[in-house]
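Here's a quick tour for anyone opening this one up for the first time.

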Amino acid sequence: MTFHTTPPAQEWLARGAETMSRVLDQARVMADVTGRHATALMPDLAARPSGVAPRLPNPLALVQDGASYAVDATQRALLFWDAIRQAGNTFIEHEQAGCPPVLVFDWTMVVDGRTLPRPVNYALVRIAPPEGFPAPDPKLRPFVIIDPRAGHGAGIGGFKSDSQVGVALRRGHPVYFVIFFRDPEPGQTVLDITAAETAFLRRVREEHPEANKPVVIGNCQGGWAVMMLAASEPDLCGALVLNGAPLSYWAGERGRNPMRYLGGLAGGSWPSALMADLGNGKFDGANLVMNFESLSPANTWFRKYFNLYQNVDTETERFLEFERWWGGYFLMNRDEIRWIVENLFIGNRFAAGEISAGGGASFNMRAVRCPVIVFASAGDNITPPGQALRWIADVYRDEQEIKTLGQTIVYLMHDDIGHLGIFVSGAIAKKEHSEIASVIGLIDSVAPGLYEMVIEPETDAAAGADWRVELKERTIADVRVRSGEATNEAFPAVAKLSEVNQGIYDLFVSPLVRQMATERSAELRRQMNPMRLRRSLFADKNPWMAPVAAWADLAKRNRKPAEPENLFLAWERMWADGVEKSIDAWRDLRDAGTETAFHAMYGWLAALGVAADAEPAAAPASAADQASAPEVRAALARMTEGGYAAAVIRMMILLAQARGAVRRSRLARSNALLQGESPFREMTAEERGDVIREQTVICTMAQAEALATLPKLLPAFADRRRALDTVEGVAGPEAELGDAAKAMLAQLRTALGFGAKAQRSVPIGFESVAVAHD
């Protein structure tokens, strides 16, 4: 036997070429990053305050405006400081009360997680509808809302009447909320919380035995908790809604989304471990909130307060309501924050299925079987669209695989709403959250696949709705375009270096810090945190604030606001715009430096091979690979089975695929058919779902055979006529169908023996002309 070995010189050349390729890629990345920032920063550096300088009036009018403005500005200043005083008092009272949920709805405790075998500081509560709301229907699908435990307390999903809670209550659904308490239970872990949330869902199922499986809504960091729950217990959830929820932490767009770089520049996960050790084993959530606020320093330190000062007569109540939630800070155990940082923020292990679930198992998003609706916004700089959507492309090879696995994923994109607006905006609740709730009621009638929910104003007065909702088929390529960069090797280099730094910290530093930290020193550090201090310093306990309330009351009783056209008010607005633009310019320079430094450090480490052993991205599965999958083979083997029910669903799926989209009105007709007419009404929801998933696989993998075998499903002429009439009724007026859908309808008629042969046939791959791409 002869062995052939590669000469050392040839092997060295190959390795050198590989390294040089990575170096060139990194050089291109650095050029792209610096170019983007240079283009973005140049106009800002030369910017001037917006608006046109007001024309100077005559001297007498100027004096009058000045006197009026002086009185108005002084009164507003007194009222402003009184609002800050009230916010400080509210903060102290909220802290002393243990930071209870900020829900505006009454609630009753159903399950207290502190009493479970594995105690956690979570609880399941039932929301009571207020006066004027309909009584919950126990047969309607329950809604379970999980808020983020990311520094703040629970309740933002029910912060006001027009909220996620309010939307569900107005539709008559039973609503449950997962709240949490300020202090964690000793030794609780993230896996303990998942086990508790599993117990909560089981209890909800017990409370509503006649209803479909519950909808579980995860807000922000609650999103990954919901996905872990659905991955570990696929049979408990009926549908998931992920609002502004990060699941792919490395994804984002170059030149934007600087928050994803902070972990790398800090050296990995060890700073969070240090802060938890200094906190005597507890991590202060105020530090997370401080990170969020640093993304927009102009709003944090100026614009928010200037808006209060400028509109103090109308904004005080809203400001105090929001501060009550924003100023409530919660704690985590050391193991909890370390798990989150290492597995999610830095490790990005969820989408790769690398997070341990205990007992040798792992959390795998592919195990999720219920429909998933994702709501993201291009204006969200905390959870940018890439972090909310990229997991779809990371988990599934292509949209065909989503269909063959029987999964339904719908994403909804907003153009400009910010992160907090996704949860607290009344306008968003009335439009996006309301329409999401309407689609959830029909989601079981949607064929598996990847869709984008498009909401547009309804132009048809007869429709009886303000918005027209359409689900348009999309591809994994569309998701990649939306999500931006996700394959930069700098991030795996961060993960590797983080492991090294964390090991050094655990071995040499952590034992010393733990010895020195006490509960008293930890509490002192928490109270001295700038997030708390800037509120508590202005409360009544500060003697310098004692006269503010009386002065503010005097100003309110003698209030004399300046006229809107007052010249000094215009100058005030111009000055505020200039201050905000100056701070924004500094922020942009800071973010540009952050991103450049990140790529300069970790990009070159990756180019030198630090992350060279990272697994390459999986290649898309071929048609042969997909056809050989067990679930596909099983479905194709039953192509001629199922009778009338299978035939009707198959024809509706073929028409929907030809259209490339489905409107809510058609979904409503389809849902009415599946729940109200025989033989569908005799089926359970799970049985109907199984038929829809199986027929989707058949129509996706073998469209020609799916058409050809329809007569075998409907051997009787009467059944063929009835099935075709039913499908045409669901499809609606033929004039409203597109060309591809009309052609498919003609093929269905021909396959069943009705009408002349279609003048044109729809080829395999018709989606390329039927689906509208952005």
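This protein has 31 helices and 15 strands, and what you're looking at is a predicted model. Of its 774 residues, 52% count as buried. If you take the contacts with a separation of 6 or more, residues 24 or more positions apart account for 82% of them.

**Two helices packed together**

- Helix H12 (residues 385-395) packs with helix H16 (residues 476-483), and their axes are 8 Å apart.
- The angle between H12 and H16 is about 155°, and because angles over 145 degrees count as roughly antiparallel, that is the label for this pair.
- As for handedness, H12 and H16 cross in a left-handed way.
- On the H12 side, the contact is made by Pro-385, Gly-386, Leu-389, Arg-390, Ile-392 and Ala-393.
- H16 brings Ile-476, Val-479, Arg-480, Arg-482 and Ser-483 to that contact.
- Sorted by class, the residues where H12 meets H16 are six nonpolar, two polar and three charged.

**A helix to look at on its own: H11**

- Helix H11 (residues 334-345) is twelve residues long and spans 15 Å from its first C-alpha to its last.
- That span of H11 is close to the 16 Å expected at 1.5 Å a residue.
- The buried residues of H11 are Arg-334, Glu-336, Ile-337, Trp-339, Ile-340, Val-341, Asn-343 and Leu-344.
- Here's a handy rule for reading a list like that: an α-helix has 3.6 residues a turn, so residues three or four places apart point the same way.

**Cysteines with positive phi**

- Cys-99 isn't a glycine, yet its phi is positive, near 55°.
- You'll find Cys-99 in the loop between helix H2 (59-96) and strand S1 (107-112).
- Is Cys-99 buried or exposed? Cys-99 is buried, with a relative accessible area of 1%.
- Cys-220 also has a positive phi, of about 50°, without being a glycine.
- Cys-220 sits in the loop between strand S5 (215-219) and helix H5 (222-232).
- With a relative accessible area of 5%, Cys-220 counts as buried, since the cut-off for that is under 20%.

**A cis peptide bond**

- Going from Ser-678 to Pro-679, the peptide bond is cis, and its omega is near 5°.
- To spot Pro-679, go to the loop between helix H25 (664-676) and helix H26 (685-701).

Note on methods
Residues are numbered from 1 along each chain as its sequence is written. This is a predicted model: local features need pLDDT of at least 70, side-chain atom pairs count only at pLDDT 80 or more; totals for chains, interfaces and linings use all residues. Side-chain values use heavy atoms; hydrogens and water are left out. Helices (H or I, at least four residues) and strands (E, at least two) are DSSP runs, numbered from the N terminus. Buried means under 20% relative accessible area, exposed over 50%, partly exposed in between (1.4 Å probe, protein chains only). Axes are lines fitted to C-alpha atoms, for helices over the stretch in contact, and angles run from 0 to 180 degrees between N-to-C directions. Angles under 35 degrees count as roughly parallel, over 145 as roughly antiparallel, 65 to 115 as roughly perpendicular and the rest as oblique. A crossing is left-handed if the near helix is turned anticlockwise from the far one by less than a right angle, and right-handed if clockwise. Contact means heavy atoms within 4.5 Å. Ala, Val, Leu, Ile, Met, Phe, Trp, Tyr, Cys and Pro count as nonpolar, Asp, Glu, Lys and Arg as charged, and the others, Gly among them, as polar. The expected span of a helix is 1.5 Å times one less than its number of residues.
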